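Please read the following note beside the sequence and the model.

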Amino acid sequence: MPIIPLFPLRSVLLPHARIPLQIFEPRYMDMVKRCLKDQSGFGVILITEGDEVFNRARDRMPELAETGCYAKIVDWDALPGGRLEITIEGECQFRLGKLSQGKDRLISAQVEWVANPEPTELSEQYSELADVLLDLVDHPEVKRLNYILDNADAYRVASQLGQLLPITEAEKLAIMELDSTESKLEALDAALEMLTN
């Protein structure tokens, strides 16, 4: 099983979706620099219990979800105070295996990859979801992330819309963990119905 560094967050990242991150902890600064140098990525995974930022008073690894997303850095910028702002894009899901933690407190994990499905046409039944996605990526906060859209790929639409809809992180994780693109689209359709009623 491959071993990758992890960036545990209180947020979920889905494949083909993008999120911005501010990096300031030394362990993550070092990780990001290595990723930029090697053109490699890291795992983003939801914290189910514990802290994002290292807390010396509670020196233990956070509890993590079983499924995460491998991310690559697609943009970065230096900020005042030695911080970095990066934009990451999800590539594919993974299932979490054995965890380890280095002296710098960086968590690594053995992972099992979950391959993205082959692109399939978005059916007419879910065309409204693609329209909502187009509206969401036009929002100024999202526009600056430079999403790459492909409304002909149902899986990409489902992942990107799942990322951008105002639903809970637990709901995003549940959508990511669904087995088929069709079930993801059904769940998103139901979530959109709840949000608009």
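The numbered points below take these topics in turn.

1. The model is predicted, so local features need pLDDT of at least 70 and side-chain atom pairs count only at pLDDT 80 or more, while totals for chains, interfaces and linings use all residues. Residues are numbered from 1 along each chain as its sequence is written, and side-chain values use heavy atoms, with hydrogens and water left out.

2. Glu 128, Asp 131, Asp 135, Glu 182, Glu 186, Asp 189 and Glu 193 form a negative surface patch. Such a patch joins like charges within 9 Å, from residues with over 30% relative accessible area and no salt bridge (a side-chain nitrogen of Lys or Arg within 4 Å of a carboxyl oxygen of Asp or Glu). Helices α2 (127-137) and α6 (181-196) each supply at least two of the patch residues; α6 gives the most, with 4. Helices here are DSSP runs (H or I) of at least four residues, and strands are runs (E) of at least two.

3. Helix α4 (residues 154-164) is mostly covered, with 11 of its 11 residues buried. Buried means under 20% relative accessible area, exposed over 50%, and partly exposed in between, with a 1.4 Å probe and protein chains only. Among the elements that the buried residues of α4 pack against are β2 (18-23), α5 (169-177) and α6.

4. Met 61 lies in the loop between β3 (42-49) and β4 (63-78). With a relative accessible area of 27%, Met 61 is partly exposed. Leaving aside residues up to four places away in sequence, Met 61 touches Leu 99, Gln 101 and Ile 107, where contact means heavy atoms within 4.5 Å. Met 61 and Ile 107 are 46 residues apart in sequence, yet 8.0 Å apart in space, C-alpha to C-alpha.

Conventions
Patches are made of residues with over 30% relative accessible area and no salt bridge: like charges are joined within 9 Å, nonpolar side chains (Val, Leu, Ile, Met, Phe, Trp, Tyr) within 5 Å. Accessible areas come from the Shrake-Rupley method with a 1.4 Å probe; for residues, only the protein chains shown count as cover. Lys and Arg count as positive and Asp and Glu as negative; His and the chain ends are not counted. The place of a charge is taken as NZ of Lys, CZ of Arg, CG of Asp or CD of Glu.
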